[in-house]
Amino acid sequence: MKKHIRILVIFLISIASFGQNIDDFKKDFKKVTETEFSESELNEMFRTYSNLLIPHSDITQLTASLKNERIVQYPLTEFKETDDYKNNIQTLLNSENPYKRLLSYLVIAGAGDKNYEKELLEKLKTEKTKGNLIWSGMALMYLQTNHTTPLFDFLIENENFGDSHMIPMYFQLNKDSLQNTAYNRINSTNLKAKVLSAQLLSKTGKNEKTEKLLLDAVRNWDYNIKGYAIFSVKELEMGNLKETFIPLLDSTKTRPIALEALANSPTKEDVDYLKRLANSEKVVSKDILNGFLESKNPESVKYWLELVSSREIPEKYYFNTLRKPLLFSDELLNDVQTTLKTTKHLTIQKTLIKVLEGREDSASEEILLNYMDNEDSSVRYWTVDALKNSKSKIVIEKLIELLKKPGKRVSPITHILINNKIDTLQNVYTDIYNTYESSEWKGTAIEYLSKFPKEEHKGIFKDVIYNEDSGFSMNQNASIGLANLNDKSSIDRIIEISEKEREGSDGNCQAYLRALSKIKGDKAKKYILTFENSESEYISEFVKEIIAEW
């Protein structure tokens, strides 16, 4: 049973079986009630009926979406009304067999049967098998119970806070109930209880009591956990912080998050204090810069844009644009454009330019065109990457100009040219393939030539597929290139490469199957049909489509 705590991992590794037939499930459920039921049989049900038993799993939902399958919140709702369920679920719930008990928790959750909340809450106290205990708690959360305090105590005892899987589900429960639980536990002597309480309050809205409790925590908690309370203050955009927060700036444990809280404050005095700190530094520190950047306050982010365009910043200052919606907003577009025009810092240029991706206004296009002439190759690279969906004739002309200059070209140009069906640059790419040593440039050359091949490129493609050192992507593109030239002499080698890749997964072979379907012939068809019953549903469907169009 110690494996049960890792049963989801087992499921992820062996997710090949995805037969989600409810009628088959009913039969297997009935068998469970009539047999001893072992751990291996339980794991098999996990693998076979993941959509029904663990629909709340992120991996189940991701895999289903990739397969265009719809996940129902409570997929066993109708099963709940059957005699098999009504006559057996209580017996399984109280079984001496731990595997049957665990299955009952999953079935109750999948059925959305809140009638068993009381029994599941009792299991939090009485279940001795660790894996079963975890799944009983998960079942309660999936049922969206309002009994958040017993679950809180369960999480404190059983959740790994360094690698949390249950807490995100817990945060989705009733906000009023979660808030009351946090109020009741925030003054606990247990440090994990304090931390989780502070985290809960960041999710349950701002009011006078919440603000008082969090500020008390900021003042009085140990510095090792004080940051959690400060984070919640920041998230709730609490104000009037300066007097309480100034002492926190002296500790490396609290300084970064305290600066973020000040920058996120709606109180002008708090933000002005942070601006004075920035103005007092010859080189604006990373912590202060990040404080402004991470803010939800547009004025604070605008000030960050001003700082990185007009002030000295650390030489190796790094930031990213992920989860920074304000940088991408129309509200800040003029400020972003001004910074891109005026900043001298390459680290800002090469990262901030990404914010203009998809912008079609003339000012943004002018900046992007100018950045393509930047002396720094990384700035040019990310500028071109930001243009990856561009259809602009002016942009395409500029990219072709860059491609023809060895000292200016960057590899993302290729994808844009292919997407825009620019099919006249074979000589340039042939020269790139023959003169560059880097696998990146050789690969991008083969990619372009495979899309717009000429007869004289057969030799290059064959050099690739017969070179044992050629990479996965190179082999795939070269095979497609040969297929586009209908080179039947390459069928044997393409099959040979495909078989090597097949050792890892049938999914690795799709490009080779597509190439063979273009070349046609009995040998190609015979090989393609060996994938007809592939364990990869995607590949088997792909093969059906190919054969139907043969």
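I began with a helix pair: H12 and H13 cross in a left-handed way. The model I am reading is a predicted one. H12 covers residues 175-185 and H13 covers residues 191-201. I looked up their geometry. The two axes come within 9 Å and cross at roughly 145°.

Next I asked which residues make this contact. From H12 I noted Leu178, Gln179, Ala182, Tyr183 and Arg185. From H13 I noted Ala193, Lys194, Ser197, Leu200 and Leu201. I sorted the residues of this contact by type: 6 are nonpolar, 2 are polar and 2 are charged.

I moved on to H29 (residues 458-465) and H30 (residues 472-484). They pack at an angle of about 145°, and their axes are 9 Å apart. I checked the hand: H29 passes H30 in a left-handed crossing. On the H29 side I found Lys458, Phe461, Lys462, Val464 and Ile465. They meet Met474, Asn475, Ala478, Ser479, Gly481 and Leu482 of H30. By type, the residues of this contact split into 6 nonpolar, 3 polar and 2 charged.

I stayed with lysine 458, which sits in helix H29. Is lysine 458 buried or exposed? Its relative accessibility is 19%, so I put lysine 458 down as buried, the cut-off for buried being under 20%. I then looked for its contacts, setting aside neighbours within four places in sequence. Lysine 458 touches Leu482, Leu485 and Asp487.

**Helix H23**

H23 runs over residues 362-371. I looked up its buried residues and found Ser364, Ile367, Leu368, Leu369 and Tyr371. What do they pack against? I found four helices: H21 (333-342), H22 (346-352), H24 (377-386) and H25 (393-403).

Alanine 363 also belongs to H23. Alanine 363 has 25% relative accessibility, so it counts as partly exposed.

**A pocket**

I turned to the second largest pocket. Its volume is about 290 Å³. How many residues line the second largest pocket? I noted 14. Glu294, Leu322, Arg323, Lys324 and Pro325 lie nearest its centre. The lining divides into 6 nonpolar, 2 polar and 6 charged residues.

One background note came first. Most residues other than glycine have a negative phi. I looked up two residues with a positive value.

Arginine 323 came up again here, with phi near 55°. I placed arginine 323 in the loop between helix H20 (298-310) and H21. Arginine 323 has a relative accessible area of 76%, so I marked it as exposed.

Where does glutamine 144 lie? I found glutamine 144 in the loop between helix H9 (130-142) and helix H10 (148-158). Its phi is positive, about 60°, although glutamine 144 is not a glycine. Its relative accessibility is 40%, so glutamine 144 counts as partly exposed.

Terms used. Residues numbered from 1 in each chain as written. Predicted model: local features only at pLDDT ≥ 70, side-chain atom pairs only at ≥ 80, totals over all residues. Heavy atoms only, no water. Axes fitted to C-alpha atoms, helices over the stretch in contact; angles between N-to-C directions. Left-handed = near helix turned anticlockwise from the far one by under 90°. Contact = heavy atoms within 4.5 Å. Nonpolar A, V, L, I, M, F, W, Y, C, P; charged D, E, K, R; others polar. 1 Å grid on protein atoms, 1.4 Å probe; cavity = no way out; pocket = protein on both sides within 12 Å on 5 of 7 lines; lining within 4 Å. Points joined across faces, edges and corners; volume = space filled by probe spheres on them. Buried < 20%, exposed > 50% of the residue type's maximum accessible area, 1.4 Å probe, protein only.
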